[in-house]
Amino acid sequence: MRIFLTGAAALMVMATAAMADPLIGDWRTAADDNGNSGIILITQCGNSLCGTLVQSFDSAGNPMQSENTGRQLIWDTNPTGEAGQYRGMLHSPDRGRDYRSRLALAGDALTVSGCVMGGAICREGGTWRRN
């Protein structure tokens, strides 16, 4: 009986890993307005995805201290039903603004953009790369 339960638990773990969203993982952002970039760790947060800045880099690519390290910069993000397309919210530290996000996943590249004021003002966030 113990072997059966251990085997069943292992199958459940493998099935959960197989169903993990392809957006989950570490992403190196494009440079912001100041030339800085970072690594965002995207994880499952309840029924949505969220992303936290885990490391920051200056314009030369050197690690740097940032008041935003540890801050959740992506939240309420969900697939739209169209392959590789996600919508949610993101915060842009260089602009100090929250945007309604559009994320487009293609392999190890994530194209990021966002809008405010009902789409009146939009911004391209560049292409992030899986780290």
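Modeller: Contact means heavy atoms within 4.5 Å. This is a predicted model, in which local features need pLDDT of at least 70, side-chain atom pairs count only at pLDDT 80 or more, and totals for chains, interfaces and linings use all residues. Residues are numbered from 1 along each chain as its sequence is written, and side-chain values use heavy atoms, with hydrogens and water left out.

Biologist: Which residues does L110 touch, not counting residues up to four places away in sequence?

Modeller: L110 touches L23, W27, I42, L103, A104, L105, G126, T127 and W128.

Biologist: What is a nonpolar core, and which residues have the most contacts inside the largest nonpolar core?

Modeller: A nonpolar core is a set of buried Ala, Val, Leu, Ile, Met, Phe, Trp, Tyr and Cys residues joined through side-chain atoms within 4.5 Å. Buried means under 20% relative accessible area, exposed over 50%, and partly exposed in between, with a 1.4 Å probe and protein chains only. Here the largest nonpolar core has 17 residues, and those with the most contacts inside it are L23, W27, I40, I42, L110 and W128. At least two residues of this core come from each of β2, β3, β5, β6, β7 (97-106) and β8. Such strands are DSSP runs (E, at least two residues), numbered from the N terminus.

Biologist: How many disulfides does a search of the whole structure find?

Modeller: A disulfide is a covalent bond between the sulfur atoms of two cysteines. The cut-off used is a pair of cysteine sulfur atoms within 2.5 Å. The search finds 2 disulfides. C45 and C50 form a disulfide with sulfur atoms 1.7 Å apart. C45 is partly exposed at 32% relative accessible area, whereas C50 is buried at 3%. C115 and C122 also form a disulfide, their sulfur atoms 2.0 Å apart. The torsion about the S-S bond of C115 and C122 is about 105°, so this disulfide is right-handed.

Biologist: How is a pocket found, and what volume has the largest pocket?

Modeller: Rolling a probe the size of a water molecule over the atoms shows where empty space is left. On a 1 Å grid over the protein atoms alone, a pocket is an open set of points where a 1.4 Å probe fits, with protein on both sides within 12 Å along at least five of seven lines; lining residues have an atom within 4 Å of a point. A volume is the space filled by probe spheres set on the points, which are joined across faces, edges and corners. The largest pocket has a volume of about 550 Å³. Of its 31 lining residues, the closest to the centre are T29, D32, S92, P93 and D94. β9 gives the largest share of the lining, 5 residues.

Methods:
Helices (H or I, at least four residues) and strands (E, at least two) are DSSP runs, numbered from the N terminus.
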